[in-house]
Amino acid sequence: MYMINVSEAAQEHFRRLLAGQEDENTGIRVFVVNPGTAHAECGVSYCPPDAVEDNDTELKFEGFSAFVDEDSAPYLEEAEIDYQKETTGGQLTLKAPNAKARKVDDDAPAADRIRYYLESEINPELANHGGQVALTEFTNDGIAVLQFGGGCQGCGMVDVTLKEGIEKTLMEKVPEVKGVKDVTEHAAGENPYY
C-alpha cells in the first residue's frame with residue numbers, strides 16, 4: 001500500500017503528460033508547502049532525474065515514479081490523487097487529509113489526537129465561515145476546553161456548532177472526551193458572515 005493512492009485515471013493522465021517530456025526518466029513530485037500548518041498546500045510537479053534527492057521516497061507506478069520529499073512524507077499519509085475527465089479537458093484533484101496536521105497514532109495522548117481532529121476535520125469546515133477553533137486545555141475529567149477565533153467569535157450559531165458538530169466529532173474520534181467547553185469571549189467578536 002502506497003502512502004498516496006493514485007487512481008488509474010490519474011496514473012493514465014501522468015503517463016500522458018510525462019510522455020511529452022524530453023527525458024524519459026522524468027517522474028512526478030508530490031509535495032506539501034507549509035506542512036503541518038493552517039496554510040499547508042499540496043502540489044504536484046515534474047521531477048526530472050537531477051531533481052531527485054537522496055532522502056526522497058520513490059513510489060513506483062506503471063510507467064513512471066512519484067517522488068516525495070522527506071519533510072512532506074508524513075503529511076501525505078492517506079493522500080489521494082484522482083483525475084476526472086471533463087468536456088473542457090480534465091481536473092486533477094489531490095486530497096491530503098493530513099497536510100495541515102500530522103497524523104497521530106491511536107495511542108497518542110488524547111490532547112494530541114484532539115488537536116489533530118480539530119486541524120484535519122473541524123477547522124477546514126469552520127474556515128468556510130472565516131473561523132477556527134483551538135484546544136486550550138484537556139481536563140482530567142475529559143473536558144476539551146476550546147477557544148474560537150475569526151468568524152466564529154461572536155457568531156450566533158457557535159453553540160450549535162459546538163454541541164452538534166465539534167463535541168459529537170471529538171467524542172466519537174477520541175473516546176476520552178466526555179464533553180467540550182467554550183471559553184471564547186463572544187461579545188468581543190464581530191462576525192461578518194451573520
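Guide: Helices (H or I, at least four residues) and strands (E, at least two) are DSSP runs, numbered from the N terminus. Arg-29, for instance, is found in strand S2, residues 27–33. This is a predicted model, in which local features need pLDDT of at least 70 and side-chain atom pairs count only at pLDDT 80 or more, while totals for chains, interfaces and linings use all residues. Residues are numbered from 1 along each chain as its sequence is written, and side-chain values use heavy atoms, with hydrogens and water left out.

Visitor: Does Arg-29 count as buried or exposed?

Guide: Buried means under 20% relative accessible area, exposed over 50%, and partly exposed in between (1.4 Å probe, protein chains only). Arg-29 has 12% relative accessibility and therefore counts as buried.

Visitor: Which side chain does Arg-29 join in a polar contact?

Guide: A polar contact is a pair of N or O atoms within 3.5 Å; within protein, one must be able to donate a hydrogen and the other to accept it, and residues adjacent in sequence count only if both atoms are side-chain atoms. Here the side chains of Arg-29 and Asp-56 are joined at 2.6 Å. Leaving aside residues up to four places away in sequence, Arg-29 touches a set including Tyr-46, Glu-53, Asp-56 and Phe-67.

Visitor: In what order do the strands of the open sheet lie?

Guide: Two strands pair if DSSP finds at least two bridges between them. Four strands form the open sheet, in the order S3-S2-S5-S4, with mixed pairing. Its edge strands are S3 (41–47) and S4, each pairing on one side only. S2 and S5 run parallel and are joined by three bridges, whereas S4 (residues 57–61) and S5 run antiparallel with five bridges. Ala-66 of S5 has Ile-28 standing opposite, and Leu-59 also stands opposite Ala-66. In the hairpin of S4 and S5, two residues lie between the strands, and Gly-63 takes a positive phi near 90°.

Visitor: How are the two faces of S5 covered?

Guide: In a regular strand the side chains alternate between the two faces of the sheet. In S5 (residues 64–68), five of the five residues are buried. Phe-64, Ala-66 and Val-68 lie on one side, with Ser-65 and Phe-67 on the other.

Visitor: Which strands does H1 lie across?

Guide: Axes are lines fitted to C-alpha atoms, for helices over the stretch in contact, and angles run from 0 to 180 degrees between N-to-C directions. H1 lies across S2, S3, S4 and S5, and runs at about 100° to S5.

Visitor: Which residues touch the most other members of the largest nonpolar core?

Guide: A nonpolar core is a set of buried Ala, Val, Leu, Ile, Met, Phe, Trp, Tyr and Cys residues joined through side-chain atoms within 4.5 Å. The largest has 23 residues, and Ile-4, Val-68 and Leu-76 touch the most other members. Apart from it lies another core, of 22 residues, among them Tyr-116 and Phe-148.

Visitor: How many aromatic pairs does the structure hold?

Guide: Rings of Phe, Tyr and Trp (its six-membered ring) pair if their centres lie within 6.5 Å; planes under 30 degrees apart count as stacked, over 60 as edge-to-face and the rest as tilted. The structure holds three such pairs. Tyr-116 and Tyr-117 form an edge-to-face pair, 5.1 Å centre to centre with 70° between the planes. Phe-14, Phe-61 and Phe-64 form one aromatic cluster.

Terms used
Contact means heavy atoms within 4.5 Å.
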